[in-house]
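Welcome, and take a moment to turn the model around before reading on. The paragraphs below will walk you through it step by step.

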Amino acid sequence: MNYQYLDSPLGRLRLVSDGKHLVSIEFDGGHTCTATDCELSDQLLQDCASQLQEYFAGTRHSFDLPLAPGGTQFQQSVWQQLTQIPHGQTCSYKDIATGIGKPKAVRAVGAANGRNPIPIVVPCHRVIGSDGSLTGFAGGIGMKKQLLELEGAI
């Protein structure tokens, strides 16, 4: 695995690739290197960092990166559905459940959303409660609000 750190308006992010696909973005990039696990970037991670910087600058609204998030088939279907939420818009967990053909799986969608290993690029922050409330986000509600404000969604 290759790693690269990116200082962002959200704090330090740790970008992880397998050399061919982006596999995760971790908040607070507080990971400590070991002798065999230090920062080793690759072109994909450099492209990801560049695209994230453009996103935070407000000049990029979608990402063009090869992704390989690890998860169950159900999680994969949820994460794929998340990529269909346009920049600057939100939807509910129920909308996602309906979109994957499992309208009663709202709680399971919430759980899958919470396990999204590639936040921001796979925009789990765009999913809100059906009452419009900001609910769960791995980086915290404050960070979710910050991302939605950046996109003009709130």
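Asp7 has Arg12 in strand 2 as its bridge partner. Strands here are DSSP runs of type E with at least two residues, while helices are runs of H or I with at least four residues, both numbered from the N terminus. Two strands count as paired if DSSP finds at least two bridges between them. Strand 1 and strand 2 meet that with 7 bridges in the antiparallel sense, and they form a hairpin with 2 residues between them. Before going further, please note that this is a predicted model, in which local features need pLDDT of at least 70 and side-chain atom pairs count only at pLDDT 80 or more, while totals for chains, interfaces and linings use all residues. Residues are numbered from 1 along each chain as its sequence is written, and side-chain values use heavy atoms, with hydrogens and water left out.

Now follow the chain onward. Strand 2 (residues 11-17) pairs with strand 3 in the antiparallel sense too, over 5 bridges. Along this pairing, Leu13 stands opposite Phe27, and Ser17 stands opposite Leu22. The hairpin of strand 2 and strand 3 has 4 residues between the strands, and Gly19 takes a positive phi near 95° there.

Put together, the strands make an open sheet of 3 strands in the order 1-2-3, with antiparallel pairing. Strand 1 (2-8) and strand 3 stand at the edges with a single partner strand each, so one side of each has no neighbour in the sheet. From one strand to the next, the twist averages 20°; axes are lines fitted to C-alpha atoms, for helices over the stretch in contact, and angles run from 0 to 180 degrees between N-to-C directions.

Buried means under 20% relative accessible area, exposed over 50%, and partly exposed in between, with a 1.4 Å probe and protein chains only.

Ser17, in strand 2, is buried, with a relative accessible area of 0%. Its side chain makes a polar contact with the side chain of Asp42 at 2.4 Å. A polar contact is a pair of N or O atoms within 3.5 Å; within protein, one must be able to donate a hydrogen and the other to accept it, and residues adjacent in sequence count only if both atoms are side-chain atoms.

Elsewhere, look for the rings. The whole structure holds 3 aromatic pairs. Tyr55 and Phe56 form one that is edge-to-face, at 5.4 Å centre to centre and 70° between the planes. The rings of Tyr55 and Phe63 have centres 5.6 Å apart and planes at 45°, so this pair is tilted. Rings of Phe, Tyr and Trp (its six-membered ring) pair if their centres lie within 6.5 Å, and planes under 30 degrees apart count as stacked, over 60 as edge-to-face and the rest as tilted. Ring pairs link Tyr55, Phe56 and Phe63 into a cluster.

Finally, visit Ile120, in the loop between helix 4 (106-114) and strand 5 (127-128). Its phi is near 75°, a positive value in a residue other than glycine.
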